[in-house]
Amino acid sequence: MDLNTLLETTVVGLGYELVDVEMSPRGRTIRVFIDVPSKESGIDVEDCAKVSNQLSRVFEVENIDFDRLEISSPGLDRVVKKAEDFERFAGQDIQIKVRIPHGGRRNFQGELLGCKDGKVGLRLEKDEVELEFTNIEKARLVPRFD
């Protein structure tokens, strides 16, 4: 079983959502970002400890060699990767970078309108655009501080 599948299976099995995984260049540090959409207060230290303890045991059984395991909440500027996340966070501000330029641009920032039929809608300052979901390289929420 590859590492991503192992992480997904374990984290989801504990009742959390696997948001993102980052690895150091030599794979010695594994950072796992988790969330609980149903929990209004978000991820806390106990959630991180629970996932860390379980993953440490799983890694030992599966002989996954690492020096450091970090478990964290996705933060206010969380990455958005899955199509359902683009729908879930509709109405929030987002930064999107695309692989192939759209209208001569690769970077967009605006209000997320959702994801339908493989296209992500975005309201910019002066107009709206639809970006191909498969063309999105990176996307992050932009927190609002009113």
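**Sheet and helices in a predicted model**

Strand 2 (residues 29-35) runs parallel to strand 3, and five bridges join the two. This pairing belongs to a predicted model. Within it, F33 stands opposite S72 of strand 3.

Now widen the view to the whole sheet. Strands of a sheet pair through backbone hydrogen bonds, either parallel or antiparallel. Here the sheet is open, has three strands in the order 1-2-3, and shows mixed pairing. Which strands form the edges? They are strand 1 (17-23) and strand 3 (68-72), and each pairs on one side only. From one strand to the next, the twist averages 20°.

Next come the helices. Helix 1 lies across strand 1 and strand 2. Its direction is at about 145° to strand 1. Helix 2 also packs on the sheet, where it touches strand 2 and strand 3. The direction of helix 2 makes about 145° with that of strand 3.

The helices also meet each other. Two packed helices are described by the angle between their axes and the distance between the axes. For helix 1 (residues 3-13) and helix 2 (residues 45-61), the axes come within 11 Å and cross at roughly 135°. Helix 1 is therefore oblique to helix 2. The crossing is right-handed.

Which residues make the contact? Helix 1 supplies L3, L6, L7, T10 and V11. Helix 2 supplies V51, Q54, L55, V58 and F59. By type, the residues of this contact divide into eight nonpolar, two polar and no charged.

Technical notes
Residues are numbered from 1 along each chain as its sequence is written. This is a predicted model: local features need pLDDT of at least 70, side-chain atom pairs count only at pLDDT 80 or more; totals for chains, interfaces and linings use all residues. Side-chain values use heavy atoms; hydrogens and water are left out. Axes are lines fitted to C-alpha atoms, for helices over the stretch in contact, and angles run from 0 to 180 degrees between N-to-C directions. Helices (H or I, at least four residues) and strands (E, at least two) are DSSP runs, numbered from the N terminus. Angles under 35 degrees count as roughly parallel, over 145 as roughly antiparallel, 65 to 115 as roughly perpendicular and the rest as oblique. A crossing is left-handed if the near helix is turned anticlockwise from the far one by less than a right angle, and right-handed if clockwise. Contact means heavy atoms within 4.5 Å. Ala, Val, Leu, Ile, Met, Phe, Trp, Tyr, Cys and Pro count as nonpolar, Asp, Glu, Lys and Arg as charged, and the others, Gly among them, as polar. Two strands pair if DSSP finds at least two bridges between them.
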